[in-house]
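Had a look at the aromatic side chains, as you asked. Here is the model, with my notes below it.

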Amino acid sequence: MKKTLVIGASENPDRYSNKAIKALVSHNHEVVAIGLRAGEVAGVTFDSEKKAFENVDTVTLYVGPPNQPEYYNYIVSLKPQRVIFNPGTENPEFIAKLGSVGIYPEIACTLVLLATGQYE
């Protein structure tokens, strides 16, 4: 399976990033994550460090537009195939930046894509 980076990871089970990590793991996807603080969800440990993860296919965002600029260059440097903008994370500026460097911006919900078999 392709590697997914979850940005905005949280140990709070009510947060959609938490639900997404659990769903990705249950669908046998390799998952790495970054959160505001250290934690662990479904065996995926994370902290706030922007690590140089290798072979990231998909980045799924759970960080609102005002907090995304600090991740722009980091995400582009990972050279993912796509970045999923989950509900509430849509950002025209970042979408344009990704498109200009050949990274596919997908406005979708990771949980819905997984549940409907469309997460590839």
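1. Some ground rules. This is a predicted model, where local features need pLDDT of at least 70, side-chain atom pairs count only at pLDDT 80 or more, and totals for chains, interfaces and linings use all residues. Residues are numbered from 1 along each chain as its sequence is written, and side-chain values use heavy atoms, with hydrogens and water left out.

2. Ring pairs. Rings of Phe, Tyr and Trp (its six-membered ring) pair if their centres lie within 6.5 Å; planes under 30 degrees apart are stacked, over 60 edge-to-face, the rest tilted. That rule gives two aromatic pairs. Tyr-72 and Phe-94 are stacked, at 4.3 Å centre to centre with 15° between the planes. This pair joins distant parts of the chain: Tyr-72 belongs to helix α2 (residues 72-78) and Phe-94 to helix α3 (residues 92-100), 22 residues apart. Helices here are DSSP runs (H or I, at least four residues), numbered from the N terminus.

3. The other contact. Phe-85 and Phe-94 have ring centres 5.8 Å apart and planes at 75°, so this pair is edge-to-face.

4. Buried or exposed, where is Phe-94? Phe-94 is buried, at 0% relative accessibility. Phe-85 is also buried at 0%, and Tyr-72 counts as buried at 10%. (Buried means under 20% relative accessible area, exposed over 50%, partly exposed in between; 1.4 Å probe, protein chains only.)

5. Charges over rings. The charged end of Lys-50 sits over the Tyr-71 ring, 4.9 Å from its centre. Arg-82 has its charged end over the ring of Tyr-119, 4.5 Å from the centre. The criterion: NZ of Lys or CZ of Arg within 6 Å of the ring centre and within 35 degrees of the ring normal.

Conventions
Helices (H or I, at least four residues) and strands (E, at least two) are DSSP runs, numbered from the N terminus.
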